[in-house]
Amino acid sequence: MKIDIWSDFACPYCYIGEKHLKQALGDIDAEIIFHSFELDPNMSAREHIDVYTSLAKKYGMSLAQAKAQCASIEKMAQEAGLEFDIGNIKLANTFNAHRIAQFANSNGKGNAFVETAMQAYFCDGEDFSDKETLLKLALSVGLVEEEVRRILNTEEYAESVREDEKAAEKINITSVPFFVFDERYSISGAQPPETFKQVIAKCKN
């Protein structure tokens, strides 16, 4: 079974959805391929405001409403086995992280990097605007330091990110996470494991 996933490192539902998918798969062997999608491609390298203020500003809600929404997301993450620390998130542009993910994917380490990077962003408060942070994450999954430094200091793999985004546009993906199973069935959002199980069963028939 092949599962294509469009996601962004700054999307909490992407991390939660991926965990739900893995719970649904259990011991089922599947080829999982992550694809790049930027929720906010125009974000500056580092947004020096807290996530609650950013959320309130973006969606026209009060600070209290933003905090309540984040608490709900943290609860949802906890139920999936994740310990989010949303108040400590460092809002940052994710384009460089996507470029490293594309490089990691070309070396058979894409899934490991995505998992590590999402943990770093949502649980550990790592700053994705810091190239040394991205280097550290890349090295932790076995990528070569010299190659990662070169990519971070050039525009390598930028086109690969853009190709994923163009592919998303072609199949009308407007939000993430977005899962495509065997190029036949699709699921949008961090659906519960049972929903994933239903689609997996269809793929096996």
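Two residues are in contact here when they have heavy atoms within 4.5 Å. Keep in mind as we go that this is a predicted model.

With that cut-off in hand, let's start at Gln-102. You'll find Gln-102 in helix α4, which covers residues 95-106. Setting aside neighbours within four places in sequence, Gln-102 is in contact with Ser-36, Tyr-157, Ser-160, Val-161 and Asp-164. Is Gln-102 buried or exposed? Its relative accessibility is 13%, and buried means under 20%, so Gln-102 counts as buried.

The largest pocket holds about 710 Å³. Its lining takes in 31 residues, and those nearest the centre are Ala-10, Leu-39, Leu-55, Lys-58 and Tyr-59. Which helices supply at least two residues each to that lining? They are α1 (12-25), α2 (51-59), α3 (63-79) and α5 (110-122). Of these, α2 gives the largest share, with six residues.

Last stop, the cysteines. Cys-11 has a relative accessibility of 3%, so Cys-11 counts as buried. Cys-14 also comes out at 3%, and therefore counts as buried too. How many disulfides does the model have? A disulfide calls for a pair of cysteine sulfur atoms within 2.5 Å, and by this rule the count is zero.

Terms used. Residues numbered from 1 in each chain as written. Predicted model: local features only at pLDDT ≥ 70, side-chain atom pairs only at ≥ 80, totals over all residues. Heavy atoms only, no water. Helix = DSSP H or I, 4+ residues; strand = E, 2+ residues; numbered from the N terminus. Buried < 20%, exposed > 50% of the residue type's maximum accessible area, 1.4 Å probe, protein only. 1 Å grid on protein atoms, 1.4 Å probe; cavity = no way out; pocket = protein on both sides within 12 Å on 5 of 7 lines; lining within 4 Å. Points joined across faces, edges and corners; volume = space filled by probe spheres on them.
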